[in-house]
Amino acid sequence: MGHLHGEKHADFLFPKSIRNELVASGVAEPHVVPDSGVSFWIKGEQDLPQLIKLFRMQYDRLARKNNKN
């Protein structure tokens, strides 16, 4: 789904189309490894709703994918 690096940022392995959308909209930054996902920087408590939204997006995407199999 994704993982946290301490309290400062989270990484998510979204498909390229979703990654590009998140980066273009300013929600996240490209992961340091090219074409591997996004990083979301947590600057404070105000960022937690967006962080939860990203985890929810990933959960919903993977749940739909698994239900198709």
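Aromatic rings of Phe, Tyr and Trp are said to pair if their centres lie within 6.5 Å. In this predicted model, Phe12, Phe14 and Phe55 form one aromatic cluster. The briefing below covers that cluster, the nonpolar core and the salt bridges.

**Aromatic residues**
- The count of aromatic pairs comes to 2.
- One of them joins Phe12 and Phe55 in an edge-to-face arrangement, with 4.7 Å centre to centre and 70° between the planes.
- This pair links distant parts of the chain, since Phe12 lies in strand S2 and Phe55 in helix H2, 43 residues apart.
- Phe12 counts as buried because its relative accessibility is 1%, whereas Phe55, at 21%, counts as partly exposed.

**Nonpolar core**
- The largest nonpolar core has 10 residues, including Phe12, Phe14, Phe40 and Leu51.
- Strand S2 (9-12), strand S4 (38-41) and helix H2 (48-68) each supply at least two residues of this core.
- Outside its sequence neighbours up to four places away, Phe12 touches Val38, Phe40, Leu51, Leu54 and Phe55, among others.

**Salt bridges**
- The whole structure contains 2 salt bridges.
- In one of them, Asp35 pairs with Arg19, and the closest N and O atoms are 3.1 Å apart.
- Asp35 belongs to the loop between strand S3 (29-30) and S4, while Arg19 belongs to helix H1 (residues 16-24), 16 residues apart.
- Asp35 is exposed, with a relative accessible area of 59%, but Arg19 is buried, at 9%.
- Arg56 forms a salt bridge with Asp60, with 3.5 Å between the closest N and O atoms.
- Arg56 and Asp60 are 4 residues apart in helix H2, so about one helical turn separates them.
- Arg56 is partly exposed at 49% relative accessibility, and Asp60 is partly exposed at 29%.

Key. Residues are numbered from 1 along each chain as its sequence is written. This is a predicted model: local features need pLDDT of at least 70, side-chain atom pairs count only at pLDDT 80 or more; totals for chains, interfaces and linings use all residues. Side-chain values use heavy atoms; hydrogens and water are left out. A nonpolar core is a set of buried Ala, Val, Leu, Ile, Met, Phe, Trp, Tyr and Cys residues joined through side-chain atoms within 4.5 Å. Buried means under 20% relative accessible area, exposed over 50%, partly exposed in between (1.4 Å probe, protein chains only). Contact means heavy atoms within 4.5 Å. Rings of Phe, Tyr and Trp (its six-membered ring) pair if their centres lie within 6.5 Å; planes under 30 degrees apart count as stacked, over 60 as edge-to-face and the rest as tilted. A salt bridge is a side-chain nitrogen of Lys or Arg within 4 Å of a carboxyl oxygen of Asp or Glu.
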